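Student: Let's go through this structure by question and answer. Please keep it short.

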Amino acid sequence: MKIALFAGDGIGPEVIAQAVRVLRALDLPGLSLTEGLVGAAAWRATGHPLPNETLAIARASDAILFGAVGDFGCDHLERHLRPEQAILGLRRELGLFANLRPAKAIPALVGNSALRPEVAAAIDLLIVRELNGDVYFGEKGRRATSAGLRQGYDLMAYDEAEVSRIARTAFEAARRRQGRLCSVDKANVLETSQLWRDVVIEVAADYPEVELEHMYVDNAAMQLVRAPGAFDVIVTGNLFGDILSDQASMCVGSIGLLASASLNEGGQGLYEPIHGSAPDIAGQGVANPLATILSAAMMLRHSLDSGAAADRIEAAVATALDHGARTRDLGGTLETEAMGDAVLAALEQQGSLAA
Ligand code: IPM
Ligand code: MG
């Protein structure tokens, strides 16, 4: 099990450190961890946010555990040198097109949701976000208008192969879950979205057992807070998926809880918390490490064929929360490392229960 560890910026190293403690505590045979520089940390050391050496480590690994990138001190840099290019570059270079972002209510935390507890308690959804296309990777730049005004542009485009590939991932996921898929677009305005919708309907013919509906993204944002329990699987493009997944995280209770997997066609995966580098709280030891610990669990399940170890991590997180472990984002006072301690204690307890 060759794992690349890219901690990155801000709270990234703090939350990755706790996930590493948990991975080591599991005593997995053949586990090897290789660190690499990404983001502003890499730019400071090497002049580039995604150095070739890091890319080589990524290519040689079975899976990547990623912290976060982003740093206020880099806003002045040209776009190709900004820390975000590390994650965007990894997604592109490794062909990580399928971003799975599950959001599920945690019973001990429904009181932390921005929604009424009975609404939040019903959440059990999966956002399948396309990750290699859209305005993120379309032609972008600056130009002058005919009136001589400065103009910025980012081309939104999807081809049919990109849409059918992510649609299949989503239909497969829906088939394994409750059998309902909601495709989110803006087909009333965008031609990209009309093609998206046409192709999703074509792919649906291969999945007669999955119930498909279409929703405009503005309505989806509204339904996510009105009745999030009504969703099973959501499939959407890169930009809409970015926005809706942050929204879903607050419906669950905190952005510090949501894990994600980004997979390519070969099954290789990058695993990261959906939150960012949070420079405002970096270095204080107060970040919530659970999203990263849960990302490590997803990694064990999806890329390393260790579902049992993943179950153990998820159960330990649930136990820690049941026993009242709360970081600041959850209204408590536990620091990052103490939250790690709570998860490790719950893991050890499972061991002694089994013995
Ligand atoms: C995410 C992040 C990234 C994105 C940024 C850091 C480039 O917000 O993974 O959701 O926009 O995809
Ligand atoms: Mg985001």
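Student: With which residue does E118 form a salt bridge?

Tutor: This is a predicted model, where local features need pLDDT of at least 70, side-chain atom pairs count only at pLDDT 80 or more, and totals for chains, interfaces and linings use all residues. Residues are numbered from 1 along each chain as its sequence is written, and side-chain values use heavy atoms, without hydrogens and water. A salt bridge here is a side-chain nitrogen of Lys or Arg within 4 Å of a carboxyl oxygen of Asp or Glu. The closest N and O atoms are 3.0 Å apart, and the partner of E118 is R116.

Student: Are E118 and R116 buried or exposed?

Tutor: Buried means under 20% relative accessible area, exposed over 50%, and partly exposed in between (1.4 Å probe, protein chains only). By that scale, both E118 and R116 are exposed.

Student: How many residues apart in sequence are the parts that R177 and D124 tie together?

Tutor: R177 and D124 form a salt bridge, with closest N and O atoms 3.4 Å apart. R177 lies in the loop between α6 (160–176) and β8 (180–185), and D124 in strand β5 (residues 124–130). Helices (H or I, at least four residues) and strands (E, at least two) are DSSP runs, numbered from the N terminus. The pair therefore ties together parts whose separation in sequence is 53 residues.

Student: Which residue forms a salt bridge with R168?

Tutor: R168 sits in helix α6, and its partner in the loop between α7 and β9 (211–216), so the pair ties together parts 38 residues apart in sequence. R168 is partly exposed at 34% relative accessibility. The closest N and O atoms are 3.1 Å apart, and the partner is D206.

Student: Why does P289 count as buried?

Tutor: P289 is in the loop between β12 (269–273) and α10 (290–302). Leaving aside neighbours within four places in sequence, its contacts (heavy atoms within 4.5 Å) include V15, T327 and M339. P289 counts as buried because its relative accessible area is 0%.

Student: How far apart in space are P289 and V15, C-alpha to C-alpha?

Tutor: P289 and V15 are 274 residues apart in sequence. V15 also touches H275, which is in the loop between β12 and α10. In space, the C-alpha atoms of P289 and V15 are separated by 4.5 Å.

Student: What is the relative accessibility of H275?

Tutor: H275 touches I11, A68 and I255, among others, not counting residues up to four places away in sequence. H275 counts as buried, at a relative accessibility of 9%.

Technical notes. Chains are lettered from A and ligands numbered from 1 in the order in which they are written.
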